[in-house]
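I opened the notebook to look up pockets and charged pairs. The entries follow in the order I made them.

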Amino acid sequence: MELTSTIEELKKYLKITIKSKKRLEHIYNVVNFSKKLAQIHRLPEGKVEIAALGHDLFRDVEPNRLIKLAAFYKIHLDKFDKNRPILLHGKVSAEFLARKFHIDDDIYQAIYYHTSGYEKMGDIGKTLVISDSAGDDRDFEGVEELRKVSIISLNEGYKLAIKNKISYALAKERYILEDTYKTWNALCQI
């Protein structure tokens, strides 16, 4: 995988698949915060940028089409995916990018699990989960703390991002995904 050409080609795909200006701005805010964390925590910037650019590649796709794409990619659908197909966007994005650009496992894992978190998440994935919540377009109680903590410690930032996902889901009476609570339980054992 040649990182620079992948990044440029991925930017072209975003112009095709992303329908709203707000979503595109969000993606680039995630890219910017991810690159900042990559520099601070000495992570490979190119890989982090690809993960950030690709995480919402299929976010604006219609729910029925996401289900069809998931079936095509042989992604197992659980009852949550069937009830809220938008949850599939990261998994579908990861599968598409794996086939199109031959992304490595770190980038794949980051994109695949960016919505839920993952108990064995690598640093690129932790960076993406944090940045998806902490980019400049995000404004919620606790976002400044998330930004500050993440700059000091990627692990602590990841834990706080997962905690925020759970708190948000509870407040909005939404699903707490299995991978999210498994991730939280694993993080509490460290």
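**Second largest pocket**

I looked up the second largest pocket and found about 310 Å³ of space in it. I note that the model is predicted.

I listed the lining of this second largest pocket and got 15 residues, with Asp78, Asp81, Lys91, Glu178 and Asp179 nearest the centre. By class, I have 5 nonpolar, 4 polar and 6 charged residues in that lining. I then checked the helices: α5 and α11 (178-188) each supply at least two residues of the lining. α11 gives the most, with 3 residues.

**A pair from that lining**

I checked Asp81 and Lys91 as a pair and found a salt bridge, with the closest N and O atoms 3.7 Å apart. The pair links distant parts of the chain, Asp81 being in helix α5 (residues 79-83) and Lys91 in helix α6 (residues 89-101), 10 residues apart. Are Asp81 and Lys91 buried or exposed? I found both Asp81 and Lys91 buried.

**Other salt bridges**

I looked up how many salt bridges the structure holds and noted 12. Side chains of opposite charge can pair when their charged atoms come close.

I took Lys47 and Asp106 next; their side chains meet in a salt bridge at 4.0 Å, N to O. This pair also links distant parts of the chain: Lys47 lies in helix α3 (residues 45-54) and Asp106 in helix α7 (residues 105-112), 59 residues apart. Lys47 counts as partly exposed because its relative accessibility is 22%, and Asp106 counts as partly exposed because its value is 38%. I also noted a network of salt bridges that links Lys47, Asp104 and Asp106.

I then looked at Glu144 and Arg147, which form a salt bridge with the closest N and O atoms 2.6 Å apart. Both lie in helix α9 (residues 143-152), 3 residues apart, about one turn of the helix. Why does Arg147 count as buried? Its relative accessible area is 11%, and the cut-off for buried is under 20%. Glu144 has a relative accessible area of 45%, so I logged Glu144 as partly exposed.

**Largest pocket**

I finished with the largest pocket, which has a volume of about 1,100 Å³. I counted 31 lining residues, of which Asp132, Arg138, Lys165, Tyr168 and Arg174 lie nearest its centre. The lining of the largest pocket has 13 charged, 9 polar and 9 nonpolar residues.

Which helices each supply at least two residues of this lining? I have α2 (21-40), α8 (123-134) and α10 (154-171). α10 gives the most to the lining of the largest pocket, with 6 residues.

Notes: Residues numbered from 1 in each chain as written. Predicted model: local features only at pLDDT ≥ 70, side-chain atom pairs only at ≥ 80, totals over all residues. Heavy atoms only, no water. Helix = DSSP H or I, 4+ residues; strand = E, 2+ residues; numbered from the N terminus. Buried < 20%, exposed > 50% of the residue type's maximum accessible area, 1.4 Å probe, protein only. 1 Å grid on protein atoms, 1.4 Å probe; cavity = no way out; pocket = protein on both sides within 12 Å on 5 of 7 lines; lining within 4 Å. Points joined across faces, edges and corners; volume = space filled by probe spheres on them. Nonpolar A, V, L, I, M, F, W, Y, C, P; charged D, E, K, R; others polar.
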